[in-house]
Amino acid sequence: MAASAQRTAVAGTARKGGAGHGRSGSLRRDGFWPWLFVGPLLVGVTVFFLWPIAQTAYFSLTHRGVFEGAEFIGFANFTRLLADPALYRSLANTLLYTAIVLASIPIAVYLASLLNRPGLRFASVYRVLYFLPYIAMPTAVAMVWRVIYNGDFGMLNYVLRLFGVDGPYWISTPGYTIVAVGLVGLWSSLGFAMIVFAAGLKNIPPELYEAAELDGATRGRQFRAITVPLLTPSIFFVSVITVIAGLQLFDLLFAILGSANPMLPKSMSLVYFFYREGFIQNDKGYAAAIAIVIFAITGLATLVQFRVQRRWVHSA
Amino acid sequence: MSTANRRGRRARGSNVGAHIVLAAGAVVMAFPFVWQIISSLSSNAEVQSVPPTFWPERLRWENYAEVFHRLPFLDQALTSVTITVLRTVAQLVLCTLAGYAFARMRFRGRGLLLALVLSILMVPSQVYLLSQYQLIQGFGLLNTTAGIVLPGLFSAFGTFLMRTAFLGMPDELEEAARLDGANAFQTFWRVMLPLARPTLSVLAIMTTLWSWNELLWPLVVSTRADKMPLSAGLATLVSDRTIQYPIVMAASVLAIAPILVLFVALQRRVIDGLATSGLK
């Protein structure tokens, strides 16, 4: 889940570092060799990615029934989509989920700063434990979360009851479903953010802390004045990835709720909406339009983050 | 020197607080896994008891045997292993070759082709999923392992990753190999490829993780339970009320286990690889 978002996010950084072709001095000719090297990949990428992308753009302008052929209908899918309450409900759910998962970032910054304390023992044990949820199969961990969230016998409501709180049916009460899934999302992405921040912290020169200490700055002050500002590039990277992954919410929602859950229409995400229209309702033209809207929303969210970045990311 | 010492001693003295916070967090992080294992060894009544049964009356290992009787688990596990191995090997070969050519060879249209491949990275998978499905349907490969595997044999991300690795390597080694009369492939194979080993392992780890855990694509192209990989098999199992909790838990534990074992064995490499791959 998150790994694929990482793939996408890296594309954003691709432009910065990647423009360096045309290295001087090697004006040799490679003849047919390059084609043997790139040929197989290019064929596969064209057939399975580039052509399908173009085709989806065309699909979105057609009506495609299950039996009859395709009919060109211009932008009718998009006008229908923009008037569909399901789009806004799934967008709102997806944004709420993303906001909850983003809360992993401040937590991860704090935990990473603890993890990087000089001379801390068992640091690698902590790293492994926090990282486990990130690599574990989402649909498999969803199974235990279903039990933990169960309104009658779940562990969560048992613990809440110890504090005198009567917990809801997390998975089947519309307002709580996305919160429940969001907390699982937070749990599973925390480790990744932490590891990235821990790596970022290693790059902060220790002299800064020594100087601050000589000036009598407390640990809290050092955290705010040195750690956080110098970590902003990592924080930015993680937040871009987290947003892209958040907008792709599907696995956890599908697996925690179950495909037959009557609450799904109220709790669905954008990608679930796409899946439902494309593969359950079999309205492929409409689903193509949804896919393009997801693309636009993701692009917009990333663009905004890159724009706002200049105001808060500390550049070295 | 003395400053560093002082800081070191002071820090060590007050690490207790850090340990308390980190350990408490670690308990929360690990609890679902522990609870899953406990539930997988309980009876169905124990899983649903109020208050919760923290430790089952006896450990029911037979739940794990039931997984193989009640579910098409073996078929699904085999599919998961097959698609993961095929995709990882294919991406390692194809993306490395293409990434090398894009980074270090000259040919017509290189800039344009590279831009086309990288443009795929900007697009969420839903945009190509519908017509990938139609392609697989057209090939008659729905509900086959080949159908699940095919698109994922090729990766724009992998190509990007490998190209970046090869871009950062010095020209001199390559030139020397050429002067010694090595052809393009020999230069790549003997001189450059060994230098790319760390990035190769990052690509292998990422592809393995993604392929093993991925849900949407296999869910779309396989509708028969015995043809699905584990991720889709578990997700669709939820709607089946006749399957008891402990069996679902045991199946989930078995589905997570291989990746977990791999991770614990290679943890440094996995963590460092994933943490730094995007940052460079």
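**Notebook: chains A and B**

I began with Thr82(B), which I found in helix 5 (residues 73-104) of chain B, helices being DSSP runs of H or I with at least four residues, numbered from the N terminus. The model I am reading is predicted, so that local features need pLDDT of at least 70 and side-chain atom pairs count only at pLDDT 80 or more, while totals for chains, interfaces and linings use all residues. Residues are numbered from 1 along each chain as its sequence is written, and chains are lettered from A and ligands numbered from 1 in the order in which they are written.

From Thr82(B) I looked to Pro218(B), 136 residues apart in sequence, and read a C-alpha to C-alpha separation of 13 Å.

I then turned to Trp312(A), which is in helix 15 (residues 284-312) of chain A and is exposed, with 10 other C-beta atoms within 10 Å.

Next I looked up the interface, where 94 residues of chain B are in contact with 96 residues of chain A (C-beta atoms, placed from the backbone, within 7 Å). Helix 2 (residues 15-40) of chain B gives the largest share of the side of chain B that touches chain A, 13 residues.

How do helix 5 (residues 104-115) of chain A and helix 2 of chain B pack? I recorded an angle of about 125° with the axes 10 Å apart, and the two helices are therefore oblique to each other (under 35 degrees is roughly parallel, over 145 roughly antiparallel, 65 to 115 roughly perpendicular, and the rest oblique). The residues making this contact are Leu111(A), Leu114(A) and Leu115(A) on helix 5 of chain A, and Ala18(B), Val21(B), Leu22(B) and Gly25(B) on helix 2 of chain B.

Last, I checked confidence: the model scores ipTM 0.88 and pTM 0.89, and chain B averages a pLDDT (the predictor's confidence in each residue, from 0 to 100) of 87, with 93% of the residues at 70 or above. Among the elements of chain B, helix 5 of chain B has the highest mean pLDDT (95) and helix 1 (residues 2-13) of chain B the lowest (46). Where pLDDT is low, the predicted coordinates should not be read in detail.

Key: Contact = placed C-beta atoms within 7 Å. Axes fitted to C-alpha atoms, helices over the stretch in contact; angles between N-to-C directions. Buried ≥ 20, exposed ≤ 12 C-beta atoms within 10 Å, placed from the backbone.
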